[in-house]
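Hi everyone, thanks for coming.

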Amino acid sequence: MGVNETVLVVDTSYGSTVGVVGYDPIVESDSRTHVEKLQVNIAKALETAGLAPGDISGIVTGVGPAPFTGLRAGIVAAKAIAFATGAKLVGQNILEPQAWWNAERHGSADDGLRVLTLAVNDARRKQLYFELCQPASPDDAAHDARPLIAMDIDYPANIVERVNDAVAAYERRFDGRVVVDVVGHGAAKYSDALASIQLLGDIVDESVLDQGAHGLGIFARRYDACDIARGESPVEPLYLRRPDAEVPNPLKHVLGHGGVKAAR
């Protein structure tokens, strides 16, 4: 972040996470209440940092992939604050920062080890959002991701098959050891299926946003890189599937029915 930058993070890809970069975030894991608490938690986060809304210079909002309603609430809140304060708004998907954080977890102790990250987020309906990421550094925020499997949604058993095929092809290109870490919410829920991943390393049922102030900073690193790498772009949600709620079909006309007459 720039010296005078004050950046707020708002993410509702899984529960909700709200915080000012440099401070511990407020995390709500219960998706049934996070929308109601979102405004209160944003106010608390600013108060903890000793800031007023007008002090915010930038906002990083999570754009998913995640289920429809909760994700939309966070993005709308972030857009409203950006509009009211004039802060620059940047969208960040929830999956790529998992790879940046996972790279930090491993460090550089073994240069011969190539760590792939299967970044996941619970999609409900027995599915996972996922992306298979190549070895990464947190500094890669300045560049577009080079995934081995692009962001998608699928059932765990299908994900395992797709990952094994991609990893086998990847392994043939390099010498040295390769491992696949599964990182993100939903990893433990489907650990039995994910255990069939060949060359499996860790299964970590946590998000980068669960890592306190440090994780918040990793998640927000694309903020600095945004203008350098690709400029500001519209912030739109990543649903990857249709929402549950749909516009109902028109009511069928009943023959001989004249409609409801207004009461006199």
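**Rings, charges and a helix crossing**

Let's start with Phe174, which is partly exposed, with a relative accessible area of 26%. Here buried means under 20% relative accessible area, exposed means over 50%, and partly exposed is in between, using a 1.4 Å probe and protein chains only.

Before we go on, this is a predicted model: local features need pLDDT of at least 70, side-chain atom pairs count only at pLDDT 80 or more, and totals for chains, interfaces and linings use all residues. Residues are numbered from 1 along each chain as its sequence is written, and side-chain values use heavy atoms, leaving out hydrogens and water.

Now, how many aromatic pairs does the structure hold? There are two. Rings of Phe, Tyr and Trp (for Trp, its six-membered ring) pair if their centres lie within 6.5 Å; planes under 30 degrees apart are stacked, over 60 edge-to-face, and the rest tilted. Helices, by the way, are DSSP runs of H or I with at least four residues, numbered from the N terminus. Phe68 is partly exposed, at 25% relative accessibility.

Our friend Phe174 pairs with Tyr170, again tilted, with 4.7 Å centre to centre and 45° between the planes. Is Tyr170 buried or exposed? Tyr170 is buried, with a relative accessible area of 2%.

Phe174 also has a charge over its face: Arg114, at 3.9 Å from the ring centre. Likewise, Lys88 lies over the face of Tyr223, 4.4 Å from the ring centre. For this to count, NZ of Lys or CZ of Arg must be within 6 Å of the ring centre and within 35 degrees of the ring normal.

Last stop: helix H3 (residues 96-106) and helix H6 (residues 212-219), whose axes come within 9 Å and cross at roughly 125°. Axes are lines fitted to C-alpha atoms over the stretch in contact, and angles run from 0 to 180 degrees between N-to-C directions. H3 and H6 are therefore oblique to each other; under 35 degrees would be roughly parallel, over 145 roughly antiparallel, and 65 to 115 roughly perpendicular, with the rest oblique. Glu104 lies in H3 and is partly exposed, at 33% relative accessibility.

Note on methods. Helix = DSSP H or I, 4+ residues; strand = E, 2+ residues; numbered from the N terminus.
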